[in-house]
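Hi,

Here's the structure I promised to pass along. Have a look, and then read on for what turned up in it.

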Amino acid sequence: MQGKSIHQWVMGILGVVTGIAVATPSAFAVTVKVTDASGKPLQTVMVTQTTANVAPLDTSDGGFQKPNVPVYRHPEFTGFTDAKGVMTYPDDDGLHLYRFRKT
């Protein structure tokens with residue numbers, strides 16, 4: 001996404017999406033809304049939330065993670081938008097990236 005807004009990035013991926021809204025209605029959720037060029041919600045868009053700025057694993061031990069060193073998990077959540085074009089994800093107060101796919 002270097003140098004691009006989220007809107008430009010989504011337009012490049014989907015080609016039909018013109019609006020993305022990310023809101024936090026509670027302290028524990030992030031809501032994403034996907035719409036088309038006319039503002040109509042898009043249903044069954046696959047939306048994947050990943051953690052941004054993930055530190056790489058230390059694989060200096062022959063390409064493997066060193067023994068007895070904590071490994072931090074960075075969950076990835078994937079779901080589909082509903083009839084209102086909405087998908088809600090858990091929020092861990094981190095920076096996230098979103099990937100959209102409509103077939």
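Which residue in E6 does Val-47 stand opposite? It's Phe-100. Before the rest, a word on the model: it is predicted, with local features needing pLDDT of at least 70 and side-chain atom pairs counting only at pLDDT 80 or more, while totals for chains, interfaces and linings use all residues. Numbering starts from 1 along each chain as its sequence is written, and side-chain values use heavy atoms, with hydrogens and water left out.

Now the sheet. It is open and has three strands, in the order E4-E3-E6, with antiparallel pairing. Strands here are DSSP runs (E, at least two residues), numbered from the N terminus, and two of them pair if DSSP finds at least two bridges between them. At the edges sit strand E4 (77-80) and strand E6 (96-101), each pairing on one side only. From one strand to the next, the twist averages 20° (axes are lines fitted to C-alpha atoms, and angles run from 0 to 180 degrees between N-to-C directions).

Strand E3 covers residues 46-51 and pairs with E4 over four antiparallel bridges. Across from Gln-49 you'll find Phe-77 in E4, and across from Met-46 there's Phe-80, also in E4. E3 and E6 run antiparallel too, joined by six bridges.

Thr-50 counts as buried because its relative accessibility is 18% (buried means under 20% relative accessible area, with a 1.4 Å probe and protein chains only). Leaving aside residues up to four places away in sequence, Thr-50 touches Pro-75, Glu-76, Leu-95, His-96 and Leu-97, where contact means heavy atoms within 4.5 Å.

Cheers

Technical notes:
Buried < 20%, exposed > 50% of the residue type's maximum accessible area, 1.4 Å probe, protein only.
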